Amino acid sequence: MQILGIIPARYASTRFPAKALVDIGGKSMIQRVYEQSAKATQLAQVIVATDDERILNHVLDFGGKAVMTSENHHSGTDRCYEALTKTEGLYEYVINIQGDEPFISPEPIDRLAEVLTGDTELATLVKVIDNDEILFNPNVPKAVLNKRNEVMYFSRQTIPYLRNKETREWLSSHVFYKHIGIYAYRTDVLAQITKLPVSSLEKAEALEQLRWLENGYAIKAVITSDDSHGVDTPDDLDRVTKKFLL
């Protein structure tokens with residue numbers, strides 16, 4: 001099965017402009033993401049999908065592969081689809097790898113790839129929540145799974161609500177899942193979901209993946225022990241640098 005890894009990388013960022021090119025221990029963020037992703041054994045190829053020639057040229061300079069995409073995309077999913085259409089080769093699946101996780105491990109990428117059977121429409125990663133700070137943080141999306149490990153719903157709220165339990169008892173009474181934002185799309189499904197209008201649930205929660213659920217697509221959940229370490233702000237950069245390089 002041919003699987004294409006795509007790393008969407010915009011230049012503009014409200015909270016951290018040009019973060020794709022920021023130096024982290026002698027390498028740019030996008031180079032670190034690219035090199036880590038390229039270690040995944042299940043990917044036939046890895047490319048960067050960007051809207052800026054500075055990122056494009058930088059990736060080409062360090063020996064990576066990149067394609068230019070429109071600056072008007074509203075999501076990484078849309079950018080992935082355009083990049084797919086501009087990449088030679090036939091691929092059954094695309095895996096969307098976050099461009100702001102410089103220390104991403106290749107293992108969860110491979111783990112996600114291993115569940116793609118041809119029948120799988122969409123897949124993503126989740127991690128068991130083990131502390132209250134994450135559990136009750138509205139900036140951390142949660143996922144509820146069914147018995148087939150398919151996602152029933154995503155929410156910024158803590159779900160499910162445990163009736164007749166004090167909140168301090170919730171973690172010991174139920175298994176809650178944090179959503180890790182790496183996606184796998186079957187390529188025909190990727191073409192379809194990029195044409196869907198914004199949905200009411202998506203608007204309510206500001207979570208793009210709810211559009212897919214609301215339109216009847218199945219999202220397979222893969223449970224991982226690896227956490228995400230995204231960089232959205234300069235403070236995040238300091239945190240991950242201290243964790244992984246110092």
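Analyst: Contact means that heavy atoms lie within 4.5 Å of each other. The model is predicted, so local features require pLDDT of at least 70 and side-chain atom pairs pLDDT 80 or more, while totals for chains, interfaces and linings use all residues. Residues are numbered from 1 along each chain as its sequence is written, and side-chain values use heavy atoms, without hydrogens or water.

User: Which residues is Lys178 in contact with, leaving aside its neighbours within four places in sequence?

Analyst: With those neighbours left out, the contacts of Lys178 are Leu125, Val126, Lys127, Ile129, Ile134, Val140, Pro141, Asp227 and Ser228. Lys178 itself sits in strand E10, residues 177-186. Strands (E, at least two residues) and helices (H or I, at least four) are DSSP runs numbered from the N terminus.

User: Why is Lys178 called buried?

Analyst: The scale is relative accessible area with a 1.4 Å probe on protein chains only: under 20% is buried, over 50% exposed, and in between partly exposed. Lys178 has 10%, so it is buried.

User: What makes the pair of Lys178 and Asp227 a polar contact?

Analyst: A polar contact is a pair of N or O atoms within 3.5 Å; within protein, one must be able to donate a hydrogen and the other to accept it, and residues adjacent in sequence count only if both atoms are side-chain atoms. The side chains of Lys178 and Asp227 come to 2.6 Å, and the pair is listed as a polar contact.

User: How do you know that E7 and E10 pair?

Analyst: Two strands pair if DSSP finds at least two bridges between them. E7 and E10 have seven, in the antiparallel sense; Val128 stands opposite Tyr177 in E10. E7 also has five bridges to strand E11 (residues 219-223), in this case parallel, and there Leu122 stands opposite Ile219.

User: What makes E7 largely enclosed?

Analyst: Six of the seven residues of E7 (residues 122-128) are buried, so the rest of the structure largely encloses this strand.

User: Why is E1 called largely enclosed?

Analyst: Seven of its seven residues are buried, so E1 is largely enclosed by the rest of the structure. Both faces are covered: one side has Ile3, Gly5, Ile7 and Ala9, and the other has Leu4, Ile6 and Pro8. E1 pairs in parallel with strand E6 (residues 93-96) over four bridges, and with E4 over six bridges, also parallel. Leu4 has Val94 as its bridge partner in E6, while Pro8 has Ala49 in E4.

User: What is called the largest nonpolar core, and which residues have the most contacts inside it?

Analyst: A nonpolar core is a set of buried Ala, Val, Leu, Ile, Met, Phe, Trp, Tyr and Cys residues joined through side-chain atoms within 4.5 Å. The largest such set has 37 residues, and those with the most contacts inside it are Ile7, Leu43, Val48, Ile95, Ile97 and Leu112. H1 gives the most to this core, with four residues. Apart from it lies another core of 30 residues, among them Leu122, Tyr177, Leu207 and Leu213.

User: How do you know that the buried residues of H2 are on the same side?

Analyst: The buried residues of H2 (residues 53-61) are Ile55, Leu56 and Val59. They cover an arc of only 100 degrees around the axis, which puts them on the same side of H2. The arc is taken from the directions from the helix axis to the C-beta atoms. An α-helix has 3.6 residues a turn, so residues three or four places apart point the same way. The face turned away carries the exposed Glu53 and Asp61. The cover over the buried residues includes strand E1 (3-9), helix H1 (29-37), strand E4 (45-50) and strand E5 (66-68).

User: What is found at the start of H2?

Analyst: A side-chain oxygen of Asp52 comes to within 2.8 Å of the backbone nitrogen of Arg54.

User: What makes the peptide bond from Ile159 to Pro160 cis?

Analyst: Its omega is near -5 degrees, and the bond is assigned as cis. Pro160 lies in the loop between strand E9 (151-155) and helix H6 (170-173).
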